[in-house]
Each structure stands twice: as C-alpha cells, then as structure tokens.
Amino acid sequence: MFDVDLLQGISDWQLGGDVTAKQIRGERLKVLAADLPAEFKSCATNCYRRLSLTKGSVWKVGTEYALDETISSWTLSLDVAQAFKDGVPSKGYQGSIFVHQPSDQEVIVNLNALFSDAEFQLAVSQRRAEIKNFERGIGRYGNSQCEVVLSLEKLPLDSVHCWGGYIGDEKSFEGMLPDGETMEGFKKLLASSSFDFNQPHWLCDLHAIKRVNNVLANSGKK
C-alpha cells in the first residue's frame, strides 16, 4: 500500500518550492494518494493555514480570499501555524491564519494520519535509501508540521482565525474598539499593561477578529 512512488511523492511535496513547483508536486501527490484508505483521505478536525498578505490584498479580501495555491499545506496545530516561517510576517505584510474544517473531497492526503501509522513508518524506514532527496524532504520534516494537504480555491473571510502583524500605534485600533469603549479609556488600559506596539502580535480574540472582519467585509462592498 505504501510503495516507493507514494513515499517519493510525499517527500517531494515536503521539499517545498515556488508556486509552480508545488502545484506540479501537488497534482502528482493527488494521483499517488488517490487509492489510500479513507482514514488517510479525511480529516475530522479543524485545519489552519498561515498566509502573508500585502496591505493592498488585505483590503481586497472582501467576503472571500482566493488562494494562489489551490493544493496547499494546512496544519492541525494552531501553534505550528503561528510559528510557521518565523511567525508573524515582517513589516509591510499582514499575517493571517485561516481555519477550515475540510470535507473528504477536499483532502488530498492526511499526512498527520499517515505518519501516525506504524505500517507507514515502517515503509519509510525500509525504503529510505530509494527516496531521492530523503534528507531534505520526508527525512527532514516527517510529522513535525502535523500536516494535511488540501485542495481549495477560495476561503470565506469568516474563516480568518487570527490576524498578525506590527500594529504601529493606538490609532490602528480606531473603529475597531468594543461597543462602549472610548479611545481615552483604551489608552489608559494600554498604559497600565505591558503591551509593546513594536513587537509582532497575533490577534486571535474571537470578538476582535469579528470587528476587523466587519471592516474588511464592508470595504469589499464599496
């Protein structure tokens, strides 16, 4: 069941690469994993994906976001998503983590389930010498990213689970404060806290995310 072609396809996928390379490897992996048992072709829990958006693309999100990579890596771990590629993107980019509960039709392969399978682990161990670039692919990453490979084209804005970036100053919060909260009161709270505007942050509070998403959704209607 876990032949060398499948193992090679998984290893090649984990090598990464540019959008074109990943699309080719993703399509290849889709073919190779097509006949795997249902337990490796489904996912019963939420998956997360971190993206770096330019300031312009954030305001173009509107009510949905079109993915550049229709076959892409997701993770079952929010911690992995937040730490991916050194965490919050550098200044000039807006970090975002999307959450999605995939249907079986969207799952190319559940790598987390595969790497948790003893028979699969044995196959990797026995065939490692036959896998090209083993040490840079499957041998390097294994199940460190709790990965699920999904096929998706678009995501609704309400699937944003976290926004991340460098806030800048308190003016960034104007229009996004909770009902009844004033900027003066907000500044007093900041003054008594250890919050540092110069450090990157992930904003994952449900109510705060909704306020930000409402601003973006309204901007997309203009």
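Predicted model: local features only at pLDDT ≥ 70, side-chain atom pairs only at ≥ 80, totals over all residues.
A residue is termed exposed when its relative accessible area is over 50% and buried when that area is under 20%.

Helix 2 spans residues 19–32, and its 14 residues reach 20 Å from the first C-alpha to the last, close to the 20 Å expected at 1.5 Å a residue. Its buried residues are Lys22, Gly26 and Leu29. These residues lie on the same side of helix 2, because they cover an arc of only 65 degrees around the axis. Such a pattern follows from helix geometry: an α-helix has 3.6 residues a turn, so residues three or four places apart point the same way. On the other side of helix 2, the exposed residues are Thr20, Ile24 and Val31. The cover over the buried residues includes helix 1 (4–14), strand 3, strand 5 (107–109) and strand 6 (147–151). At the N-terminal end, helix 2 is capped by Asp18, of which a side-chain oxygen lies 3.3 Å from the backbone nitrogen of Thr20.

Strand 3, which forms part of this cover, comprises residues 71–75 and contains Thr75. Thr75 counts as buried because its relative accessibility is 6%. Beyond residues up to four places away in sequence, Thr75 touches Asn46, Cys47, Tyr48, Val80, Ala81, Gln145, Cys146 and Glu147.

Two of these contacts are cysteines, Cys47 and Cys146. Cys47 is buried, with a relative accessible area of 0%, whereas Cys146 is partly exposed at 22% relative accessibility. A disulfide is a covalent bond between the sulfur atoms of two cysteines. The cysteine sulfur closest to that of Cys47 belongs to Cys43 and is 3.6 Å away, which is too far for a bond, since a disulfide requires the two sulfur atoms to be within 2.5 Å. The model contains zero disulfides by this rule.

The largest nonpolar core has 23 residues, of which Val109, Leu114 and Phe120 touch the most other members. Helix 1, strand 5, helix 5 (111–115) and helix 6 (118–127) each give two or more residues to this core. Apart from it lies another core, of 16 residues, including Tyr65, Trp74, Val107 and Trp163.

Technical notes. Residues numbered from 1 in each chain as written. Heavy atoms only, no water. Helix = DSSP H or I, 4+ residues; strand = E, 2+ residues; numbered from the N terminus. Buried < 20%, exposed > 50% of the residue type's maximum accessible area, 1.4 Å probe, protein only. Contact = heavy atoms within 4.5 Å. Expected span 1.5 Å × (residues − 1). Arc of directions from axis to C-beta. Polar contact = N/O pair within 3.5 Å; in protein donor to acceptor, adjacent residues only side chain to side chain. Core = buried A, V, L, I, M, F, W, Y, C linked by side-chain atoms within 4.5 Å.
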